[in-house]
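Dear colleague,

I am passing on the structure below, together with some notes on what was found in it. Please keep it open while you read.

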Amino acid sequence: MDLKPKQDTYVLLVDDEEQVRRLLHKVLDRQGYRCIVAGSYDEAVQRMSEQEFDLILTDMDMPGRTGLDLLMKVSTEQPRMGSILITGFDDPGVAATALDLGANAYLVKPFESNEFLVSVASAMRRRAAESAYRDQMDRLEEMVRHRTREMWNYVAQLEQAEKSMKSLQEETIQRLSMAAEFRDDETPRHIQRMSRYCSLIADRIGEEAERCELIRAAGAMHDVGKIGIPDAILQKPGKLNEAEWEIMQRHCEIGHRILSGTTSEVMNLAALIALTHHERVDGRGYPQGLRGDEIPLEGKIAAIADVFDALTSDNVYRVAIPVAEAIEMMESGRGTQFDAELLDVFLGSRDIVLGIKERYSDGVPDPV
């Protein structure tokens, strides 16, 4: 491990014993750290108000408030600052509390200078990694906020015209949905097929025609949250790693945030579908791990429609597979991934399903 700090790495050393402060300051200074010392909680708080630090090293036992009190202040007010708690007693309870407060290391006196420097270097590396992750999340959140504002501008316009311009609403919904689909190399026909599969299932289980139409319109927006996913992840042709997959799964919650909170019935239903269309009846889905009847009917319907069209259409992840093979794969998920009764209804409507697939196939002009 490289023990040398990056240029201008500032460390705040807090200890009430002057001899310890001098010794550790000398070790840090010799290694190239810019070290500022404090002899108490209050003095440390004053130093932090005067400048920013990359790392704080604090003794546990000091007059007045303890090192844990200082870690708590750092964790709430400066969470990007690395921290190490130093103590003269090896107390598992204190160690656990320190780690819960975000400490990067826990050192028990006495220790060798090399052990001390390794802990400091390790803490700085963890701080850098955590800071990079926070920066990535901040950028993602800002991108979501920016795109959400844009989306709500469209939705606001849609709300104003909803009663007298139903056709405009339908077109706007399609375009909002297409915005997400185009980003991950899908086609607008995926939206048309998937949403009509949703309507078909709803009709076959006895839902009224108006409700079926509502489910069709709302289902078209199931993946609108992909607007908030970085292109490098959304368009990656290979398998996502664990961190990328965690970000990818957030499209459900992002879609829910974009679409919810309106007086529009179709938008609220779309928000529900966006949030739940990747849940599984066995509880192994995401983002909430809902099980069985905890999953709303519309989410279960959308899950079936979305997976069937994904399997039987070309996309960035895989080429289309034959319908018979797709049906066989989906049947293997009966009662685990998919609601058994709804899956039977869908697969029992194969002729209509194939008619929708052909009518709205990629490369075919829009039906008149």
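Helix α13 gives the most to the lining of the largest pocket, with 5 residues; helices here are DSSP runs of H or I with at least four residues, strands are runs of E with at least two, and both are numbered from the N terminus. Please bear in mind that this is a predicted model, in which local features need pLDDT of at least 70 and side-chain atom pairs count only at pLDDT 80 or more, whereas totals for chains, interfaces and linings use all residues. Residues are numbered from 1 along each chain as its sequence is written, and side-chain values use heavy atoms, with hydrogens and water left out.

The pocket

The largest pocket holds about 900 Å³ of space, and 30 residues line it, with Trp-245, His-278, Tyr-286, Val-307 and Arg-318 lying nearest its centre. The elements that give two or more residues to this lining are α10 (242-249), α13 (297-311) and α14 (323-331). By class, the lining of the largest pocket divides into 12 nonpolar, 9 polar and 9 charged residues, where Ala, Val, Leu, Ile, Met, Phe, Trp, Tyr, Cys and Pro count as nonpolar, Asp, Glu, Lys and Arg as charged, and the others, Gly among them, as polar.

On a 1 Å grid over the protein atoms alone, a pocket is an open set of points with protein on both sides within 12 Å along at least five of seven lines, a cavity is a set where a 1.4 Å probe fits but cannot get out, and lining residues have an atom within 4 Å of a point. Points are joined across faces, edges and corners, and a volume is the space filled by probe spheres set on them.

The cavities and Phe-308

There are 2 cavities of 30 Å³ or more in the structure. The largest cavity, with a volume of about 40 Å³, is lined by Phe-308, Val-323, Ile-327, Phe-346, Leu-347, Arg-350, Val-353 and Leu-354. Helices α14, α15 (340-347) and α16 (350-359) each supply at least two residues of that lining, and α16 gives the most, with 3 residues. The lining of the largest cavity has 7 nonpolar residues, no polar ones and 1 charged residue.

Phe-308, which lines the largest cavity, has its place in helix α13. Phe-308 counts as buried because its relative accessibility is 1%, buried meaning under 20% relative accessible area, exposed over 50% and partly exposed in between, with a 1.4 Å probe and protein chains only. Leaving out residues up to four places away in sequence, Phe-308 touches Tyr-197, Val-323, Ile-327, Met-330, Phe-346 and Val-353, a contact being heavy atoms within 4.5 Å. The C-alpha atoms of Phe-308 and Arg-193 are 9.9 Å from each other, although these residues are 115 residues apart along the chain.

The second largest cavity has a volume of about 30 Å³, and the residues that line it include Glu-279, Arg-280, Lys-300 and Asp-339. Its lining divides into 4 nonpolar, 1 polar and 4 charged residues.

The sheet

Elsewhere in the chain, 5 strands form an open sheet with parallel pairing, in the order β2-β1-β3-β4-β5. Its edge strands, each pairing on one side only, are β2 (34-38) and β5 (105-108), and neighbouring strands of the sheet are turned by 20 degrees against each other on average, direction ignored. Two strands pair if DSSP finds at least two bridges between them; strand β1 (residues 10-14) is joined to the parallel strand β3 (residues 55-59) by 4 bridges, and Leu-55 in β3 is the bridge partner of Val-11.

Helix α1 (residues 18-31) lies across β1, β2, β3 and β4 (82-87) and runs at about 170 degrees to β2. Helix α2 (residues 41-50) also packs on the sheet, touching β1, β2 and β3, and its direction makes about 140 degrees with that of β2. Axes are lines fitted to C-alpha atoms, for helices over the stretch in contact, and angles run from 0 to 180 degrees between N-to-C directions.

Within strand β3 sits Thr-58, which is buried, with a relative accessible area of 0%. Among the residues that Thr-58 touches, not counting those up to four places away in sequence, are Val-14, Leu-70, Ile-84 and Ile-86.

The chain as a whole

The protein chain comes to 16 helices and 5 strands, and buried residues make up 47% of its 368 residues. Of the contacts between residues at least 6 apart in sequence, 65% join residues at least 24 apart.

With best wishes
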